[in-house]
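User: I would like to go through the helix packing and the chain contacts of this model step by step, with the reasoning spelled out.

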Amino acid sequence: MLDDFFVRALLVGIGMALVTGPLGCFVVWRRLSFFGDTLAHSALLGVTLSYTTEINMALSVFVISSIVALILLKLQKKTNLPADALLGLLAHSSLAIGLVVIGLLATIRFDLMGLLFGDILAVNVNDIAVVWIGGAIILMVLKIIWKPLFASTVNYELAEAEGMKPEKYNAIFTILLAAIIAISIKMVGLLLITGMLIIPAAMARNLSDNPNQMVIFSIIGGLLSVFIGLFASLEINTPSGPSIITTGLILFILSLTKIKKKSQLNN
Amino acid sequence: MTNKNNTLVKLENAGVLVNDKWLVRGVSLEIKKGKIITLIGPNGSGKSTTAKITLGLYKNIEGKVEKFTNKIAYVPQKINIDWTLPIRVNDFMNLTSNLKKEEIETALETTGTPHLKNKDLKSLSGGEFQRVLMARAIAKKPELLVLDEPVQGVDFNGEIALYELIKKISDTLNCGILLISHNLHVVMSKTDHVVCLNGHVCCSGTPIDVANNEKYQELFGKDISKILSVYEHSHDHIHKIDGTIEKKEN
């Protein structure tokens, strides 16, 4: 069964959606979408690193993304620049450095499109293992840190005052983000991974009135995007990663009709 | 988990420097089990800062803070809930603890808000939110309770009821309470110790001591300072938390 490229793609997609669902909710709640984007951009550097040193791609992407996240935290403390400017600086410079390094490695043939947009149809059994094992670890850690992380998301000072150690758990969450980017970069590519995190969660927000519900809807949204997107890409011969994201967008638009109203209309 | 003297937190000459400006400096105070300390002072005098020092929210402080408890509940002055986060009162009650359903309901009842349990947090009015914040803090059964202007936005009758509630919490839980008063001149009668701040400790002592203190009178003007009215509880009726009045049984 695993011989079929389509089944492999489905398995990887399902594994991804199960993890991006809950993580994406936190990305939306904590307003970290641009941060996720920055980590994803820096992943290109990690990919080139893996080509030159022949270490595992997921591992090198994870290391580079984590380093970029740490640099960001340092810069935020040292400079007077706002977070979005620093994120832009890091995102584009790490992307540029990655491309420069690719240029220097002219002897190796690079599938740049594949890196930017991923190729879920080209995954092998190894990739499935990486996504499912890596994903299981991410979900387990997230489950353990859920309470303090959620508390610090609602209110940092309250969490800190009542002994929930928000700084520590925020750092762990950042590492989880780097990890999900690392394991899914090959499937949806560095330009689309943030879409996979944010779009199902954004759709879920429209349909939910409590956090657990939003996580569940976010997972369902991700799964539907993977199923419908992959089948569509097979039927109408469109690129698979972008088809998944586009499906997510369509689900989001549909969810707008069922939107749970903002506070002033909430009764 | 207190030390021998029932001390929960001890501040010695504490101060915070932010952007070359001292938010507050030279604060010494001690919060003990079963005692209520009230902080008063004008805007920007460092009341909230002192509360945050007590809670350990500042990383770099001057002086010393010693904490002898981990069971802390905090009612902040203001709290912004992002609308991207769907959260009901019920979820909020359990934010930093694992409470049973009954514990949540009891706590909400004590602050007169059981009907808000399944409401979205963002749909509450200022006063309702304040009561939910109180309920959450009480439900935790803390050893140290820090209340930063807990009655702001609550109507007058509710205010009296909340003060009575604070007294009751102090009696039943026997916890130490650090209370920041939103009103310079109103200090609840059960207060054991008043600290008047103005960037530093202007004066401190029992409510009567502070009211008669020259520095206090200097700071706020002799005439105004006279109305430091110590709120007394000697009613023949009870102000219920929802504003209604009930005759006392005995």
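User: At what angle do helix H2 and helix H3 of chain A pack, and how many Å apart are their axes?

Analyst: The model is a predicted one, and the values here are computed from it. Helix H2 (residues 33-53) of chain A packs on helix H3 (residues 57-78) of chain A at about 135 degrees, and their axes are 7 Å apart.

User: How are H2(A) and H3(A) oriented to each other?

Analyst: H2(A) passes H3(A) in a right-handed crossing. Their packing angle is about 135 degrees, and angles over 145 would count as roughly antiparallel while 65 to 115 would count as roughly perpendicular. The two helices H2(A) and H3(A) are therefore oblique to each other.

User: By class, which residues make up the contact of H2(A) with H3(A)?

Analyst: On the side of H2(A) the contact includes Leu39(A), Ala43(A), Gly46(A) and Ser50(A), and on the side of H3(A) it includes Met57(A), Val61(A), Ile64(A) and Val68(A). By class, the contact of H2(A) with H3(A) has 11 nonpolar, 6 polar and no charged residues.

User: Is H9(A) mostly covered or mostly exposed?

Analyst: Helix H9 (residues 193-207) of chain A has 15 residues and reaches 22 Å from its first C-alpha to its last, close to the 21 Å expected. Of its 15 residues, 15 are buried, and H9(A) is thus described as mostly covered.

User: How are H9(A) and H11(A) oriented to each other?

Analyst: H9(A) and helix H11 (residues 240-255) of chain A pack at an angle of about 15 degrees, with their axes 9 Å apart, and H9(A) passes H11(A) in a left-handed crossing. Because angles under 35 degrees count as roughly parallel, H9(A) and H11(A) are roughly parallel to each other.

User: How many charged residues does the contact of H9(A) with H11(A) have?

Analyst: Residues of H9(A) including Met196(A), Ile199(A), Met203(A) and Asn206(A) meet residues of H11(A), among them Ile245(A), Leu249(A), Phe252(A) and Ser255(A). By class, this contact of H9(A) with H11(A) has 10 nonpolar and 4 polar residues, and the number of charged residues is no charged residues.

User: Which element gives the most to the side of chain A that touches chain B?

Analyst: In all, 23 residues of chain A are in contact with 22 residues of chain B. The elements that give two or more residues to that side of chain A are helices H1 (5-29), H6 (125-154), H7 (156-161) and H10 (211-236) of chain A, and by class the side has 10 nonpolar, 7 polar and 6 charged residues. The element that gives the most, with 5 residues, is H7(A).

Definitions and conventions:
Residues are numbered from 1 along each chain as its sequence is written. Chains are lettered from A and ligands numbered from 1 in the order in which they are written. This is a predicted model: local features need pLDDT of at least 70, side-chain atom pairs count only at pLDDT 80 or more; totals for chains, interfaces and linings use all residues. Helices (H or I, at least four residues) and strands (E, at least two) are DSSP runs, numbered from the N terminus. The expected span of a helix is 1.5 Å times one less than its number of residues. A residue is buried if 20 or more other C-beta atoms lie within 10 Å of its own, exposed if 12 or fewer, and partly exposed in between; C-beta atoms are placed from the backbone. Axes are lines fitted to C-alpha atoms, for helices over the stretch in contact, and angles run from 0 to 180 degrees between N-to-C directions. A crossing is left-handed if the near helix is turned anticlockwise from the far one by less than a right angle, and right-handed if clockwise. Two residues are in contact if their C-beta atoms, placed from the backbone, lie within 7 Å. Ala, Val, Leu, Ile, Met, Phe, Trp, Tyr, Cys and Pro count as nonpolar, Asp, Glu, Lys and Arg as charged, and the others, Gly among them, as polar.
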